[in-house]
Each structure stands twice: as structure tokens, then as C-alpha cells.
Amino acid sequence: MSPTLLGFIKKELTQSLRDPRMKFILFVVPIVQMTLFGVAISNEVKNIRLAALFSEKDTVLRDVYERAVSGGWFVPAKISPGDPYEMIKADQADAVLIPPTGGFTRALGRGDAQLQLLVDASNVTQAQAVEAYIKAIVQSTVQDDLKIKPPDAPIQFDVRVLFNPSLKSSIFMVPGVMCIVMLLSTMILTNIGIVREKEMGTFEMLISAPVSRSEVIYGKTIPYVIIGMSNLPLILGVAILVFQVPMRGSFLVLIGASFAFVCTAVAMGTLISTFCQNQQQASMGGFLFNFPAIMFSGLMFPIENMPPGIRWMAQIDPLSHYLGLLRNIMLKGGDARYISVHVAALVLMAVASVIASFKRFHTTLG
């Protein structure tokens, strides 16, 4: 190795490790991420919210429900009066078992038992697993309770796949890709744009100009909100026209939810920029935010699979709220209560990030 090359390597290592924050980012944060993701990530389908509409006399269906819950795959869903379809639309349940008139047990005695399963297929992998799980549980329960072998069991199993009848994976994945594109076009641009000004020394000049600091900060962030919202019709058009993702809800509601997410992403990008001194740190800081945000969003792995001890991290992930909003509005038509809760969460995160950003700017530049 030539002395020149050795000198360049030494210089780059010294420059990269000079700042204690970069040492923390390079050596400590990856260990934390590996620990979290190793515990959180799971491809198993479990913790499915199951509801069953049965009476006290319908002993077989009650046994089916109890066996499903005790098996570890399902958890009880809150049963609300009214249409079972609305329970799934409002995200109160992932699957609902509906017996025939008079009950499933009585229908089995007549030899014409029909059992209907409503399943939310906005998550294709989960929907397929739910159908297989329920069918196996029903067959084994009937065999144990009535001593009827599965081939002879007089059961007609009617599965209604809701919100994605064709089980197309693109309908499930494309809203997640939309979230990532919106995040990349807002938070990272905001972060790097502000840090570039700080690195060149022009941000301090702007702060010292005869304008308020609030005007400077808003002037540096509002353009990225405009850029993010400008991307929305483009990516929405691709999703609907190219990938055939349905749009069952209101465009105005979707625009409002997207605006809340874009403001949150820009606010968080601004907050991250207050901890960075150069563009290298800004890029690394953006990556360290985006990677966990994608992992905990529910795009690649169901949030329900995560242990309760770290599941709360998904609740402070703006990407998980926006992904839920996109799927609820586009695929399910939009439930008012669900939308209001998740938009409110995004607004709270945006406000908290803005307040923290202003305090950081006043501290570091004041």
C-alpha cells in the first residue's frame, strides 16, 4: 500500500470519526437496531382479531371460537352491534365468523351447516393464513364435538374476501410504496437542505438578517411541504392507473391525511437537521430514521407480530399511521373514527417536532 493511499485512508477515518456523534451513529445505533429488529420482525401470522356471532346455545361455534383464541393465532375482537362488515371496515376486527340462522350447531344437526367467514384482505398474506387457520379449526372442532370425520362433515364454508377479492399483492404493497416515496421526497430533502446551508455558513447569515427566525425556518420548510404535496397526484395516478389500486374513499380526505403526514415528515426532517453539522451526518441521520420507520410501519411485517414491549414504537412512527390511513381510505372507503384518530396522531407528532425544532434552533444558533 502506497504512502499516499495510506494517508488518504487515515484522513478519511480521522474526518469521519472526529465527531463523537458520528461514532455513536456508526457503532452504537446499528447494535440497537439489530437488537430491536431481531425481536420485532416475524413472518408468522398471529394476534389476528377474530369475532364470532354466536348464541349461548350454539356450543360448536363457541368451541370453534375458544379453540381459535386459545391456539395463539387469534385474539378476541371487540364485538359491536350492527353489520359485521362495518366492524372490519372500522378496523375493529380482522375476521368475523357468521353462523346461519338458528346457529351453527343446529345447522350441523340438520346436515346443511353453512358458516361464513368475513376476512380483511387488505393484507393478502394474513387473509390467506386466516382462511387456512379457520378451516382447520372448524373441521377439527366438528370432529371432536360431534365425532364426525372431516370428509363426512356436512359443512359449507363460505369465505368472503373483503377489500381485495382477487388477493393481488400489488394492492397490498403499493400504498406502502406510496408512503416511502412521500417520506423520501419530504423529510430527507428538508434535512439535507437545511444542513447544506449550515455547512456552507449561509444559514447563520439568514438568521442574522433583519427577519424573524420563525420566518427563516418556515421559509426553509414550507417549500418542501409544497414539493411533497405536488408528488401526491403523480404517485396516486400511478397507483390507480398502473397498479389498479382501487380508490373507494374520498379524494379530499386522502389529501387532508397526506397533508398531515407531509407536515409531520418535514417537521421531523427539520428536527433531525438540528443535530447534524454536515451533509454526511444528515444523510446518515435520515437513514437511521427511515429504516426503523419502514420496519415498524407494518409494510413488511405485521405490527401485531411484534412483542407488546416494543409494539408501542409503531405508535410513534408516522409511517405506520399514514400507511393505515392510505389502506383504510383507498381500500375500505374510509372510516371516520379511524381516520380522525390517526390524523390526530400525525398532527400531534408534527406539533411536537416543530416545538422541539424551534427550541433546538434557539439553543444552537442563539
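## Briefing: loops, rings and surface of a predicted chain

Aspartate 91 is found in the loop between helix H4 (84-89) and strand S3 (95-98). This is a predicted model, in which local features need pLDDT of at least 70, side-chain atom pairs count only at pLDDT 80 or more, and totals for chains, interfaces and linings use all residues. Residues are numbered from 1 along each chain as its sequence is written, and side-chain values use heavy atoms, with hydrogens and water left out.

**The chain as a whole**

- The protein chain has 14 helices and 5 strands; these are DSSP runs numbered from the N terminus, with helices (H or I) of at least four residues and strands (E) of at least two.
- Of the 366 residues in the protein chain, 46% are buried. Here buried means under 20% relative accessible area, exposed means over 50%, and partly exposed is in between, with a 1.4 Å probe and protein chains only.
- Among contacts in the protein chain with a separation of 6 or more, 76% join residues 24 or more positions apart; a contact means heavy atoms within 4.5 Å.
- The protein chain has an accessible surface of about 18000 Å², and carbon and sulfur atoms hold 65% of that. Accessible areas come from the Shrake-Rupley method with a 1.4 Å probe, and for residues only the protein chains shown count as cover.

- Aspartate 91 is not a glycine, yet its phi is positive, at about 65°. Aspartate 91 is partly exposed, with a relative accessible area of 24%.
- Glutamine 244, also not a glycine, has a positive phi of about 60°. Glutamine 244 sits in the loop between H9 and helix H10 (251-273), and is partly exposed at a relative accessible area of 48%.

**Aromatic rings**

- The structure holds 5 aromatic pairs. Rings of Phe, Tyr and Trp (its six-membered ring) pair if their centres lie within 6.5 Å; planes under 30 degrees apart count as stacked, over 60 as edge-to-face and the rest as tilted.
- One of the pairs joins phenylalanine 74 and tyrosine 133: the ring centres are 6.2 Å apart and the planes are at 80°, so the pair is edge-to-face. This pair links distant parts of the chain, with phenylalanine 74 in strand S2 (residues 74-76) and tyrosine 133 in helix H6 (residues 124-146), 59 residues apart.
- Phenylalanine 74 is buried, with a relative accessible area of 2%.
- The rings of phenylalanine 287 and phenylalanine 291 have centres 5.8 Å apart and planes at 10°, so this pair is stacked. Both residues lie in helix H11 (residues 279-295), 4 residues apart, about one turn of the helix.
- Phenylalanine 287 is partly exposed at a relative accessible area of 45%, and phenylalanine 291 is partly exposed at 30%.
- One aromatic cluster is formed by Trp73, Phe74 and Tyr133.
- Arginine 360 lies over the face of phenylalanine 275, 4.1 Å from the ring centre. A charge sits over a ring if NZ of Lys or CZ of Arg is within 6 Å of the ring centre and within 35 degrees of the ring normal.

**A nonpolar surface patch**

- Tyr218, Ile222, Ile226 and Val354 make a nonpolar surface patch of about 350 Å². Patches are made of residues with over 30% relative accessible area and no salt bridge; like charges are joined within 9 Å, and nonpolar side chains (Val, Leu, Ile, Met, Phe, Trp, Tyr) within 5 Å.
- A salt bridge is a side-chain nitrogen of Lys or Arg within 4 Å of a carboxyl oxygen of Asp or Glu.
- Helix H9 (residues 213-241) supplies the largest share of the nonpolar patch, 3 residues.
- Isoleucine 222 lies in helix H9 and is partly exposed, with a relative accessible area of 45%.
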